[in-house]
Amino acid sequence: MSLRDKQIVVGIAGGIAAFKAVELVRELQRRGARVRVALTETATRFVGPVTFTGLTGTPPVIDIWDPSYQGEVHVELASWAHAIVIAPATANLIARAAVGMADDAVLATLRCSDAPVLIAPAMHHRMWSSPPTQRAIAQLRADGATIVGPVYGKLASGEEGLGRMSEPLDIADAVAARLAHVEQDMVGLRVLVSAGPTVEDLDPVRYLSNRSSGRMGYALAERAAKRGATVTLVTGPVSIAPPRGCQVVPIRSASELRDAMMERRADVDAIVQTAAVADYRPVARSQHKLKKTDTLTIELVKNPDILEELGSTRSGARPILVGFKLETRNLLDYAREMLVKKHLDLVVANQAEDGLGGDDNVATLVDATGDEALGKLSKHDLADRIWDRVTALSARSK
């Protein structure tokens with residue numbers, strides 16, 4: 001993913017992950033970018049300014065009041081940047097950025113710029129999960145920043161948890177994707193996405209269903225359409241508007257979903273099944289409202305396993321199949337089992353408390369090569385990571 005002729009400001013806060021910023025600068029340059037660096041005073045305790053002078057050919061900006069600078073250096077730096085990347089971003093810097101502070105070189109440059117902003121958090125896992133940090137992250141996202149990571153791994157404290165900074169290669173990929181504006185890497189791909197719950201009617205007013213909001217499937221459809229794909233969205237009843245640029249097929253029951261997916265499977269390159277299918281339906285639907293009784297016995301029959309049927313009936317490597325696994329325990333074990341049993345290319349694994357109804361997902365991608373823990377991502381960012389995998393699989397299968 002080239003960054004040729006792009007001008008990137010890398011802002012570095014004072015955390016142990018600051019040493020990774022050296023590799024990030026080198027990776028951005030390797031992809032063709034011109035890079036300048038801004039450091040907080042605390043960051044200089046972790047990595048030396050002379051390192052970045054040697055790498056970029058320009059001394060990093062540390063003190064915006066330094067008289068050796070010509071004019072207002074943060075204004076000049078902000079105007080120069082095509083994108084600003086803060087890596088690592090500590091809990092302290094994130095909190096200050098969210099409320100608009102501009103009291104150091106990194107934040108003053110950030111406040112003065114209208115360029116795209118990417119933030120790569122790095123901190124102890126309890127700092128990351130704390131309500132103040134999450135409120136600040138939500139505000140930065142609302143302001144348009146892209147949050148890259150953090151990821152699960154070994155922390156400076158010796159503990160393991162969600163707080164480790166994303167790797168420089170992943171951050172550079174995110175910069176390239178953001179600067180591509182609306183990526184068109186899915187032009188020519190035909191994708192089929194299912195979303196939302198299914199509904200199994202018991203009588204004219206009651207039904208069996210689940211709490212799926214449909215947001216993940218709608219985010220997938222929206223991002224695929226923006227990246228140039230031809231998108232068909234098969235959706236159960238939800239309360240959100242369908243994304244533009246998609247053919248929308250409304251369904252209600254699992255049987256209707258199964259028919260819609262099977263009818264279209266031969267005409268697409270990839271299928272992503274996010275719909276939360278009701279496992280059972282009543283043997284018989286009452287034509288009239290069931291009257292209240294002290295106890296009520298309803299006979300249920302198992303619904304078809306749509307994803308397994310899609311996997312067992314496809315020809316060769318097409319269409320690419322992606323499923324979602326939501327569990328309350330033993331998540332990765334069940335996801336790996338699902339991958340094999342249903343003949344899938346990729347499983348997106350979520351804990352029930354992290355992936356149902358909220359704005360963000362804590363996901364792990366599971367395929368035949370292993371697992372990739374993504375940490376907490378917005379649904380749109382997760383959608384892009386899924387489509388990145390799908391486009392790579394598509395290229396290899398041609």
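Residues are called buried under 20% relative accessible area, exposed over 50% and partly exposed in between, computed with a 1.4 Å probe and protein chains only. The model is predicted, so local features need pLDDT of at least 70 and side-chain atom pairs count only at pLDDT 80 or more, while totals for chains, interfaces and linings use all residues. Numbering runs from 1 along each chain as its sequence is written, and side-chain values use heavy atoms, without hydrogens and water.

View 1. His 343 has a phi of about 60° although it is not a glycine. His 343 sits in the loop between helix H12 (331-341) and strand S17 (346-351); helices (H or I, at least four residues) and strands (E, at least two) are DSSP runs, numbered from the N terminus. His 343 counts as partly exposed because its relative accessibility is 41%. Asp 5 also is not a glycine, and its phi is positive, near 70°. Asp 5 belongs to the segment before S1 and, at 48% relative accessibility, is partly exposed.

**View 2. Thr 56 in helix H2.** Thr 56 falls within helix H2, which covers residues 49-56. Its relative accessibility is 18%, so Thr 56 counts as buried. A polar atom of the Thr 56 side chain lies 2.8 Å from the backbone oxygen of Phe 52. The side chain of Thr 56 also reaches the backbone oxygen of Thr 58, at 3.0 Å. Both pairs are read as polar contacts, meaning N or O atoms within 3.5 Å; within protein, one must be able to donate a hydrogen and the other to accept it, and residues adjacent in sequence count only if both atoms are side-chain atoms. Neighbours within four places in sequence left aside, Thr 56 is in contact (heavy atoms within 4.5 Å) with Val 25, Gln 29, Val 35 and Val 37.

**View 3. Helix H5 and its cover.** Helix H5 spans residues 105-112 and is mostly covered, with six of its eight residues buried. The buried residues are Ala 105, Val 106, Leu 107, Ala 108, Thr 109 and Leu 110. Their cover includes strands S1 (7-12), S2 (34-39), S3 (83-89) and S4 (117-121), together with helices H3 (73-80) and H4 (91-98). At the start of H5, a side-chain oxygen of Asp 104 comes to within 3.0 Å of the backbone nitrogen of Val 106. Cys 112 has a relative accessible area of 37% and is therefore partly exposed.

View 4. With a relative accessibility of 6%, Asn 303 counts as buried. Its side chain makes a polar contact with the side chain of Glu 200 at 3.2 Å. A polar atom of the Asn 303 side chain lies 2.8 Å from the backbone oxygen of Ala 278. Beyond four places in sequence, the residues in contact with Asn 303 are Glu 200, Ala 254, Ala 278, Asp 279, Tyr 280 and Arg 281.

**View 5. Two cis peptide bonds.** The bond from Ala 87 to Pro 88 is cis, with omega near 0°, and Pro 88 is part of strand S3. Gly 149 and Pro 150 are likewise joined by a cis peptide bond, with omega about 5°. Pro 150 lies in the loop between strand S5 (146-147) and strand S6 (151-154).
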